[in-house]
Amino acid sequence: MAKIELIMPKMGESIMEATILKWLKKPGDKVEQDETILEIATDKVDSEIPSPASGIILETLYNEDDVVEIGKVIAIIGTAGEQVSDGSSNSASASKSEDPAPQVAVAQPTAVAAVEASKPLVTAMPTAQTVTSNGDRFYSPLVKNIAKTEGISHSVLDQIEGSGAGGRVTKSDILSFIEENHQVKQTTTPAPPVANQSTNNTPPKANEAVSTAFASTSGGDEIIEMDRMRKLIADHMVMSKHTSPHVTSFVEADVTNLVNWRNKNKNGFQQAYGEKITFTPIILEAVVRAIKDYPMINVTVKGTQIHVKKNINIGMAAALPSGNLIVPVIKNADLLNLAGITKSVNDLANRARANKLKPEDIQDGTFTVTNVGTFGNVMGTPIINQPQVAILAVGAIKKKPAVLETEEGDVIAIRQMMFLSLSYDHRVVDGFLGGSFVRRVADYLESFDPKREI
């Protein structure tokens, strides 16, 4: 009967390969259409790959932890009556046989995890924008940033064996190299002298600090190895900080009218549209209006070029069951009214909690909003979600005494106040633009019409 080739799916324009985390089905196992066969991971997201058809797993062509290029055959599925291979292979060439050419199927993956909003997802640069060492070998910006941070020279980098396409050094390759060298240093480096006996006042390097951190005089410290997601978060933090000089501007907004309107109309809004309305959609609506006023905040930087984005795609933080945060994106938010934004916010948040987001749900963002008020924080200094140039943090809404100007004079009243903090890339966003933009967002929030119709 028919054989179907399961292809490693394309996970985005900048994703060229993925790592197989776990095979959930083995050769000989029956599988139903849309049933998950394996889990994969990229630098952006973990995904579940479903079966494109019902049948039997005849052969798996790669092992767990293998890095596979997009478009490669990773498994063979037989629809009925096919013979099962004796075992898996680690080469796609194992799929060749004298049988008629199998059908090709690319399953649509489902995203199941990503990086916390203030720890942004880093979009890998396309291979055409990779940079070279002094020789002929190519290295991605992420690999070069890691090498620079760890003090790895070009000559040492050229000696690392690459597992990527064409022998390219991937992030996993360089991290493995760093880990191996760290272990060697631990076994060969003598114990450091006692602090009060040292005559060298030079602070230790980063890798030396890690080595000494494993020593515990009390014996009560717990050592926890970073999991894969935490390592990705760490890489994203360093990469964003190395890429963009961060500046943060703060504004305090009086959102009393907004709060009163939402509290008064939340039940009626749900009856009218079938959606619960939180403060998030109202804030996003104000952000979209401010981006229209200041389009140069909605850009990316590539080399010395500034790319102004026509679409306004707003990324928002949503909690995952694991405790991490993911940044799903509301596409073309400027074309949606408040009800449309509310529906998108609720849909993406619910699917994030249920691990049902797709890779396209977290791609193509042009501006990000993170709600630090969820944790009871009044303000924050978020890290830019590369390759964007700005990210807005909204704090908790607190009742405070504030001075109001009236016809009879100034009075002190209890108002609902909220801090907004905008971190921006000072290469292309100066203080005037950054400060004016966050002030404009606050102006729209403060001028919210308390008599607005649902």
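Select arginine 439 to begin: its relative accessible area is 30%, so it counts as partly exposed (buried is under 20% relative accessible area, exposed is over 50%, and partly exposed is in between, with a 1.4 Å probe and protein chains only). Before you click on, know that this is a predicted model, where local features need pLDDT of at least 70 and side-chain atom pairs count only at pLDDT 80 or more, while totals for chains, interfaces and linings use all residues. Residues are numbered from 1 along each chain as its sequence is written, and side-chain values use heavy atoms, with hydrogens and water left out.

**Stop 1: salt bridges**

Helices here are DSSP runs of H or I with at least four residues, strands are runs of E with at least two, and the numbering goes from the N terminus. Aspartate 443 is partly exposed, at 33% relative accessibility.

How many salt bridges does the structure hold? There are 12. Side chains of opposite charge can pair when their charged atoms come close.

Next, select glutamate 285 and arginine 452. Their closest N and O atoms are 2.9 Å apart, and they form a salt bridge. Are the two ends buried or partly exposed? Glutamate 285 counts as buried at 17% relative accessibility, whereas arginine 452 is partly exposed at 27%.

Move on to aspartate 361 and arginine 351, whose side chains meet in a salt bridge of 2.7 Å, N to O. Aspartate 361 lies in the loop between α8 and β20 and arginine 351 in helix α8, so the pair ties together parts that are 10 residues apart in sequence. Aspartate 361 is buried, with 13% relative accessible area, and arginine 351 is partly exposed at 21%.

**Stop 2: a strand tucked inside**

Select β21, residues 390-394. Five of its five residues are buried, so the strand is largely enclosed by the rest of the structure. Look at the side chains: Ala390, Leu392 and Val394 point one way, while Ile391 and Ala393 point the other way.

What does β21 pair with? Show β20 as well: these two strands pair in the parallel sense over four bridges (strands pair if DSSP finds at least two bridges between them). Threonine 368 stands opposite isoleucine 391. Then show strand β23 (residues 409-425), which pairs with β21 in the antiparallel sense over five bridges. There, leucine 420 is the bridge partner of valine 394.

**Stop 3**

Most residues other than glycine have a negative phi, and most peptide bonds are trans. Go to the loop between β20 (367-371) and β21, where you'll find proline 387. The peptide bond from glutamine 386 to proline 387 is cis, with omega near 5°.

Now jump to aspartate 34, which has a positive phi of about 75° although it is not a glycine. Look for aspartate 34 in the loop between β3 (30-31) and β4 (36-41). It is exposed, at 58% relative accessible area.

Asparagine 332 also has a positive phi, near 50°. Find asparagine 332 in the loop between β19 (329-330) and α8 (338-353).

**Stop 4: rings**

A search of the whole structure finds three aromatic pairs. One of them is phenylalanine 269 with tyrosine 273, a tilted pair at 4.8 Å centre to centre and 50° between the planes. (Rings of Phe, Tyr and Trp, for Trp its six-membered ring, pair if their centres lie within 6.5 Å; planes under 30 degrees apart are stacked, over 60 edge-to-face, and the rest tilted.) Both lie in helix α6 (residues 256-273), four residues apart. Phenylalanine 269 is buried at 2% relative accessibility, whereas tyrosine 273 is partly exposed at 42%.

Note on methods. A salt bridge is a side-chain nitrogen of Lys or Arg within 4 Å of a carboxyl oxygen of Asp or Glu.
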